[in-house]
Amino acid sequence: MTFSMNRNVLRWIIIITSFIIISLILWNTYIFFQNFKAEERTKMQNWSFAQKELNRNMDLDTDFGELTIQVLSSNTTTPMIRVNDDGSINHNNIDEEKAKDSLYIQKLIKQFKNENQPLEVKYRDRVYSTIYYGNSPLLNKLKYYPLALLLIIFLFGAVVFFFYRSSKIATQNKLWTGMAKETAHQIGTPLSSLVGWTEILRSEHVNPSYLLEIEKDINRLQTITDRFSKIGSVPALEKADIVTETVESYEYLKARSSNLIDFEISAPETAIYVNLNKQLYSWTIENLVKNAIDAMKGKGKLKVAIIQDANFVKINVTDSGKGISKNLFNKIFEPGFTSKKRGWGLGLSLAKRIIEDYHKGRIKVLHSEIGKGTTMQISLKLLS
């Protein structure tokens with residue numbers, strides 16, 4: 001308990017610390033961006049002062065200073081458009097071909113005006129020109145840096161989340177596997193005792209039909225024990241007749257179900273061979289049939305049909321129960337999902353794992369209609 005609490009506290013400390021670090025990085029990036037933008041404006045102001053000096057020297061018909069020429073020629077990155085008082089336009093760091101289009105220039109002027117406050121070049125209260133300038137390529141790239149940083153943080157968080165989720169699922173799977181194997185071990189002891197008591201009853205000349213039914217249930221318990229012991233291990237598959245295995249599971253469940261259920265089976269007369277683990281396959285059929293009986297509330301019609309095509313054998317289990325909403329077709333196979341008041345919601349998730357993970361087949365809701373019933377389908381590849 002203390003270890004779990006300490007782990008939760010540590011987790012929250014890491015999350016809060018990470019949030020503070022991310023916030024500081026974003027804040028410093030924003031400050032750096034604003035400072036850089038202020039430096040760009042200072043540079044453009046110096047350029048406008050140099051342009052003002054140029055205009056003054058032209059009016060006075062004097063030589064240009066070396067500093068003026070140096071400042072005017074130093075701008076090699078910031079795009080700018082200078083609109084003179086006579087309507088003429090000059091530009092720097094803009095593509096020459098595109099600049100020939102007056103509409104493109106007007107569009108850039110509007111864009112630059114939104115990005116930065118225009119600068120006026122004045123001399124003796126006369127406005128010689130207005131300078132519109134945009135952000136330099138470096139500033140534009142820097143503008144998207146916080147977004148890129150947030151995206152990286154989001155992806156990193158997603159990786160951590162999925163890693164944590166996978167780790168949690170793996171831990172749960174280990175727990176369920178351990179519980180299943182322990183259950184199989186616990187059942188083994190009374191099962192051995194029941195076998196011994198059966199032999200005693202046989203020696204007492206008890207009605208053989210009673211003993212036969214008891215032996216069937218003992219064999220069933222042994223099958224269940226075998227199923228639980230296989231959870232968490234890769235089961236061995238062998239060539240088996242799917243028709244025989246399905247009929248045997250069907251007959252066993254039929255004999256032990258309510259007489260209010262109208263059972264029906266449709267199966268070929270010939271054998272159909274697939275790679276199969278008999279115990280796990282019978283478990284799947286049992287889960288599907290029991291779910292169908294629950295859906296019908298113990299009264300209705302249940303049909304099992306075996307259909308063969310060119311490459312697959314398909315086993316359909318159809319009931320006349322309450323049906324399943326279309327939006328739940330996939331969700332019913334998730335561990336823990338159940339519509340019953342009692343139950344762990346593991347039956348169909350186990351069936352899906354047995355069929356799809358172990359037998360490389362497929363299990364799905366073939367058809368369902370609310371109030372009329374459901375058809376579940378298992379597809380397994382035929383042996384060539």
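Here is a short tour, from the whole chain down to single side chains.

This is a predicted model, so keep some ground rules in mind: local features need pLDDT of at least 70, side-chain atom pairs count only at pLDDT 80 or more, and totals for chains, interfaces and linings use all residues. Residues are numbered from 1 along each chain as its sequence is written, and side-chain values use heavy atoms, with hydrogens and water left out.

**Whole chain.** Switch to cartoon view and you have ten helices and eleven strands in the protein chain. These are DSSP runs numbered from the N terminus: helices are H or I with at least four residues, strands are E with at least two. Of the 384 residues, 32% are buried (under 20% relative accessible area; exposed is over 50%, partly exposed in between, with a 1.4 Å probe and protein chains only).

**Helix H4.** Select residues 102-115. Now show Ile-105, Leu-108, Ile-109 and Phe-112, which are buried. What do they pack against? Strands S1 (80-84), S2 (89-92) and S4 (126-133), plus helix H3 (96-99). On the face turned away from the buried side, find the exposed Leu-103, Lys-107, Lys-110 and Asn-114.

**An aromatic pair.** Rings of Phe, Tyr and Trp (its six-membered ring) pair if their centres lie within 6.5 Å; planes under 30 degrees apart count as stacked, over 60 as edge-to-face and the rest as tilted. That rule gives one aromatic pair. Select Tyr-250 and Phe-263: their ring centres are 5.8 Å apart and their planes sit at 75°, so the pair is edge-to-face. Tyr-250 belongs to helix H8 (residues 242-255) and Phe-263 to strand S6 (residues 261-266), so the pair ties together parts that are 13 residues apart in sequence. Tyr-250 counts as buried at 4% relative accessibility, and Phe-263 does at 11%.

Finish at S10 (residues 362-369) and S11 (residues 373-381), antiparallel strands joined by seven bridges (two strands pair if DSSP finds at least two bridges between them). Ile-363 stands opposite Ile-378 in S11. Three residues separate the strands of this hairpin, and Gly-371 in the turn has a positive phi of about 85°.

Key: Contact = heavy atoms within 4.5 Å.
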